[in-house]
Amino acid sequence: MNNSIAMLARLLLDSEYAIVISGAGISTESGIPDFRSSNGLWKNQDALELLSLKTLYGDPWRFYDVGFELLKSFLNKNPNEAHKVVAKLEQMGLVKSVITQNIDGLHQMAGSKNVIEIHGNLKHSYCDSCGSLFPLDMIRKSVDKKRIPPPCPNCRGVLRPNVVFFDDQMQDSFIAAIDETKKADFALIIGSSLQVAPAAYLPSSIPSIGILNLTPTPYDSRSQVVIRDKAVKTMSGLLDEITGNGKQS
Ligand code: NAD
């Protein structure tokens, strides 16, 4: 067994209130590319610029024609073993919550109950004027009919995905996430470059952290353990290590 996995298991077992913070990297093995991957589906598009308020309001055709296609490619995917192990650790009482930057809903599909989505999700759209919530599909139907930007059925506002874009305001869930980090004595951070602000500040107040990410992050030097490997392999190994020890609570 990899030594780092054993150390990660020990940190989790010894913690009083452990949380998971996840980013796009936990879902790449479910077939959803992260935006920084060199061989990602969207390498020829600047996804950060495409999925921004600047494009939504400055160039709505490009946003709904091209950007919305990108968001749709996140749908109909299945959770992978890393999502499932995170859910299992919550069931075992070893993880209290998941704070995710992801909008794909895969943690909930894997069985995680206490999930804080700081960048929203792809279940809903909302009107930027009256605030009414609708299923995301309402945008799809308008875009299919080339009604761009999609009109709110209740008022003259514009329907937009319930997702926090790169130049957007954070939702109230970000406050809940900050409160959660204040309770945590350990955070396992999976698949995040920790470069997207303000999510990148979340680990700063947590006394002990572990990082599972393919590439270096700005927090590596203050982490108790850094594992540069794939999420699925590592999380499967972590569960084996914990259950093999027979020390789950
Ligand atoms: P990010 O900044 O969270 O970076 C992803 C990190 O994951 C990279 O550092 C990469 O090295 C690592 N990684 C990739 N595959 C991995 C694997 N199999 N195992 C372990 N580590 C792996 O994400 P981003 O792509 O820069 O996206 C920025 C924002 O857009 C974030 O809010 C992100 O959550 C969101 N986004 C969400 C999704 C999603 O919902 N699945 C997908 C793309 C982007």
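Mentor: Before we start, a residue is buried when its relative accessible area is under 20%, exposed when over 50%, and partly exposed in between, using a 1.4 Å probe and protein chains only. This is a predicted model, where local features need pLDDT of at least 70 and side-chain atom pairs count only at pLDDT 80 or more, while totals for chains, interfaces and linings use all residues. Residues are numbered from 1 along each chain as its sequence is written, and side-chain values use heavy atoms, with hydrogens and water left out.

Trainee: Thanks! Is Phe63 buried or exposed?

Mentor: Phe63 is buried, with a relative accessible area of 0%. Tyr64 is buried too, at 0% relative accessibility.

Trainee: How many aromatic pairs turn up in the whole structure?

Mentor: The search finds 2 aromatic pairs. Rings of Phe, Tyr and Trp (its six-membered ring) pair if their centres lie within 6.5 Å; planes under 30 degrees apart count as stacked, over 60 as edge-to-face and the rest as tilted. Phe63 and Tyr64 form an edge-to-face pair, 4.9 Å centre to centre with 75 degrees between the planes.

Trainee: And why is the pair of Phe63 and Phe165 edge-to-face?

Mentor: Because their planes stand at 85 degrees, with the ring centres 5.4 Å apart. That pair links distant parts of the chain: Phe63 sits in helix H4 (residues 60–72) and Phe165 in the loop between strand S6 (159–163) and helix H8 (173–183), 102 residues apart. Helices (H or I, at least four residues) and strands (E, at least two) are DSSP runs, numbered from the N terminus. Phe165 is buried as well, at 4% relative accessibility, and ring pairs link Phe63, Tyr64 and Phe165 into a cluster.

Trainee: Switching to the strands, how many residues of S8 are buried?

Mentor: 5 of the 5 residues of S8 (residues 208–212) are buried, so the strand is largely enclosed by the rest of the structure. Ser208, Gly210 and Leu212 point one way, Ile209 and Ile211 the other way.

Trainee: In which sense does S8 pair with strand S7?

Mentor: Parallel, over 5 bridges, with S7 covering residues 186–190; two strands pair if DSSP finds at least two bridges between them. Phe186 has Ser208 as its bridge partner in S8. S8 also pairs with strand S9 (residues 225–227) in the parallel sense, over 3 bridges, and there Gly210 stands opposite Val225.

Trainee: What about S1, how many of its residues are buried?

Mentor: 5 of its 5 residues, 18–22, are buried. Ala18, Val20 and Ser22 lie on one side, with Ile19 and Ile21 on the other. S1 pairs with S7 in the parallel sense over 5 bridges, and 4 bridges join S1 to strand S2 (residues 97–100), also running parallel. Val20 has Leu188 as its bridge partner in S7 and stands opposite Val98 in S2.

Trainee: Last topic, cysteines. How many disulfides does the count give?

Mentor: The count is 0 disulfides, where a disulfide is a pair of cysteine sulfur atoms within 2.5 Å. For Cys130, the nearest cysteine sulfur is that of Cys127, 3.7 Å away. For Cys155, the nearest is again that of Cys127, 3.5 Å away.

Trainee: Is Cys155 buried or partly exposed?

Mentor: Cys155 counts as partly exposed, at 26% relative accessibility. Cys130 counts as partly exposed too, at 39%.
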